[in-house]
Amino acid sequence: MIKATELLYYLVHPQELRQIIQWKTWHNPVHERDESKESATLKRCFFFLDMTSRSFSAVIKELHPELLVPVCLFYLVLRGLDTVEDDMTIPLEKKEPILRNFQDILEQDGWTFTENGPNEKDRQLLIEFNVVIEEFKKIKPAYQDIIKDITKRMGNGMADYCKNAEHNINGVNTIKDYELYCHYVAGLVGEGCTRLFVEGNLANPALLKRPELMESMGQLLQQVNIIRDVKEDWDDGRAFWPREIWSKHVDNFEDLFKPEYKQQALNCSSEMIVTALERADDCLYYLAGLKEQSVFNFCAIPQSMAIATLNTCFQNHNLFKKVVKITKGEACELMTESTQNLRMVCDIFRRYSRKIHHKNNPHDPSFLRISVACGKIEQFIESIFPSQPQPRTTEEKKLTAAEEARIKESAEEAKREMMFLMLAVGLTLFLITIVMFIVAWAAGARFDIAWVQLKSQLGSFFGSSSSTADVTKHVEL
Amino acid sequence: MGRPTILVTGGTGFLGSEIVKALVETNDYKVIALDINPPSLGTKTYPHVTYIRANILQPSELTKMFQETKPTIIVHSAGLVPAGNARYNCTKEERERVLEVNVSGTRNVVEAAKEVGVRGLVYTSSFTVVTDDLEEDFRNVNESAPTGRAGLVYGQSKTAAEELVLSSNTPSFHTVALRPSVIFGPADPTCIPVLHSCIPFTTPFIIGTGTNLADFIYVSNCADAHVLAVRNLLTAGTAAGEAFFISNGEPVAFRDFCVAVWKEFGHVPPVQVRIPKSLAWGLGAVAEWVSWVVGGTTTLSRGSVKDATAVRYVSMQKARRVLGYQPRVGLSEGVKITCEHFKRRYGSRPMASSGEFGC
């Protein structure tokens, strides 16, 4: 149901409406899932996918048939894990063994979990988790091993994080802790997905040799979420922004949300944003290693959304008042562009990095760092898609002693000529001006009046009212 | 002791002294600093470094010094950089001086080195051998780009000298040329002082788009690259006969670098006025004309407008691959350290206009 306010919005933003219509009409999925061949439990899994994820379900469902089910189950497994971790109503002693042994749970037929608090939005998934386990057993063992390995490491990481009492009281302390947290909840997902892609022969195996690239893919997405959700998380009593960053700007985390600390809050958000933005070139590098279109789309769409979200959050104080979002039109435009090729995605990254650079404020302590991060994106894109050929090769000039002298000679000559030329131009202009003045004067021009008026206009322009009044009086007389 | 001896020409200069420091810190070499000037007051000297005074324009002096000290490798970093207005319009004498020091001086060093049987030479060239062509933009340019199109005397002199060095490469005498981008750091004689002199009257004007990327290198990173080149010549020798672009690998909008430096001096331009490139070029021409008529120098000139609006950054993939070069000091950190040093030098006098229109 379209709301009246939305209708009004699109009336004044026809461009965005156009983007939405374009996406809806022209987007053809690379692959479509074939529901007729799916078992009842698999259908239920896809139902849960739609229920638990808004942003990922669409891209997952268009994946190559080889990976469609494994990735869907991978997502649901991690979502299940996350639902246990997130729930503050489960006591730690109950939570910890579940998190640490979740990979074994995947082998227990009929395992379900009903002890989530009533407000946990995805609790139904765990109540019927047996359907996920049933489908999990059917996928290739190689895929099962990858998913179990990631689940194990993520579960243990989450358990460590929950157990660390300091996090519960003070939030995340150092930037290292922050990146470690993002590693467990997102960097590992990047690794898992990459291993699935390579196992399915849909990505370049070399990606596994550059682990920092897949790490950055996850880090960028997670960090953007943490930046964007700062207000919502704080209202829920959580803070993921590391103390090492915010303490440079404010004494207490809650000060960030007070209007009197607006500038400090913006500076703090800049530092968070640049920390994420510095990962952008790695992400483009990663995308260059993907072979198959549906896998490319699956990875590229969230990255494009992330960089656009960074731009929306940058220098935007609303970040501390509500959840800021990119508009639906912008999102559709990004999806249309991200489902083409690497070049289009590079264009998106460059476009948003320039928008960020344009808003960069010299008073911001992170000013130069932001500028460097934007420059790195430009350089990386230039390195894979040169905008100009390497400078043309001409016959090389070799300076022998004689030629050195000749160059010196001719440069001197050119300089003298230039000076004479400029002198001549200057003199000519000067003479013409004089002649024009004489002609105008002879024809009766009153330069004295023109001068006074000019002065009065200049005076009023600069706001010196008293002298203006005097001058106008004279002129009127 | 079997430690190789490394002789650094220009060893008490801005870059040379940093190279000496980096070599000393490896503990792998015996270091000799050769310079026309003794270490200046207040700069750090090292007890185990031999400081000798010689003029690279005197071949006999050089040969004698080389024979006495028997260096294994020579790092030739002595050179003359025409700064400020002299970069674009130098007098005949200035021009000849630059060519003499940079080209003839290099020839003397190469010949003396060969004569006494030095094993290799690392030459401090400059990225201007490619980028001093003011008519063109250089985006992520690599070593395959042709040299020899420099329009300014500095680039021309460095091109000739680099050519001379690289063509002297033989199996018994290995040579390598490093082409740093704009070097800055504490005690830097050109980059930071020129930017500092823009405060306060020139800072509000943004010439052109203000987004053109420029490339810089912090002095200690540049010195690191020299040490790596020395090591390469002594071991694998894969760099012999090659030229390498080196930079901080952090191309940044030229305007932003200026603003960041000014900010360290407590000055943020209170207003920003955009001036189209063509208008600025015209003003530059007028300023040059006026200063030519009146006598005196001008910071605004057609050349400086082109320098400020040019896109110029290099790819350092080759240096990374062959030399294993990796900048250790980031750009932001480098700017901070450098400006701290200059603040002490200039004293803490407040800048004339800082905060006048402040918010």
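**Close-up views of the predicted model: chain A, chain B and their interface**

Across the interface of chain A and chain B, the rule finds one salt bridge (a side-chain nitrogen of Lys or Arg within 4 Å of a carboxyl oxygen of Asp or Glu). The model is a predicted one, in which local features need pLDDT of at least 70 and side-chain atom pairs count only at pLDDT 80 or more, while totals for chains, interfaces and linings use all residues. Residues are numbered from 1 along each chain as its sequence is written, chains are lettered from A and ligands numbered from 1 in the order in which they are written, and side-chain values use heavy atoms, with hydrogens and water left out.

View 1. A:K408 pairs with B:E96 in a salt bridge, with 4.0 Å between the closest N and O atoms. On the side of chain A that touches chain B, the elements giving two or more residues are α21 (367-384) and α22 (401-442) of chain A. The most is given by α21(A), with 11 residues. Helices (H or I, at least four residues) and strands (E, at least two) are DSSP runs, numbered from the N terminus.

**View 2. Extent of the interface.** The size of an interface is often given as the accessible area lost when the parts come together. About 3,800 Å² is buried between chain A and chain B, and carbon and sulfur atoms give 58% of this area. Buried area is the accessible area (1.4 Å probe) that two parts lose on being put together, summed over both. Chain A brings 37 residues to the contact and chain B brings 49 residues; contact means heavy atoms within 4.5 Å.

View 3. A:Q379 belongs to helix α21 of chain A. Its relative accessibility is 13%, so A:Q379 counts as buried (buried means under 20% relative accessible area, exposed over 50%, partly exposed in between; 1.4 Å probe, protein chains only). Apart from neighbours within four places in sequence, A:Q379 is in contact with B:N140, B:G249, B:P251, B:Y313, B:V314 and B:S315.

**View 4. A salt bridge between two helices of chain A.** A:E337 and A:R351 form a salt bridge, their closest N and O atoms being 3.1 Å apart. This pair links distant parts of the chain, 14 residues apart: A:E337 lies in helix α19 (residues 328-338) and A:R351 in helix α20 (residues 342-359) of chain A. A:E337 is buried at 16% relative accessibility, whereas A:R351 is partly exposed at 27%.

View 5. B:E18 and B:K21 meet through their side chains in a salt bridge (3.9 Å, N to O). Because they are three residues apart in helix α1 (residues 14-26) of chain B, B:E18 and B:K21 are separated by about one helical turn. B:E18 is buried, with a relative accessible area of 18%, and B:K21 is partly exposed, with 30%.
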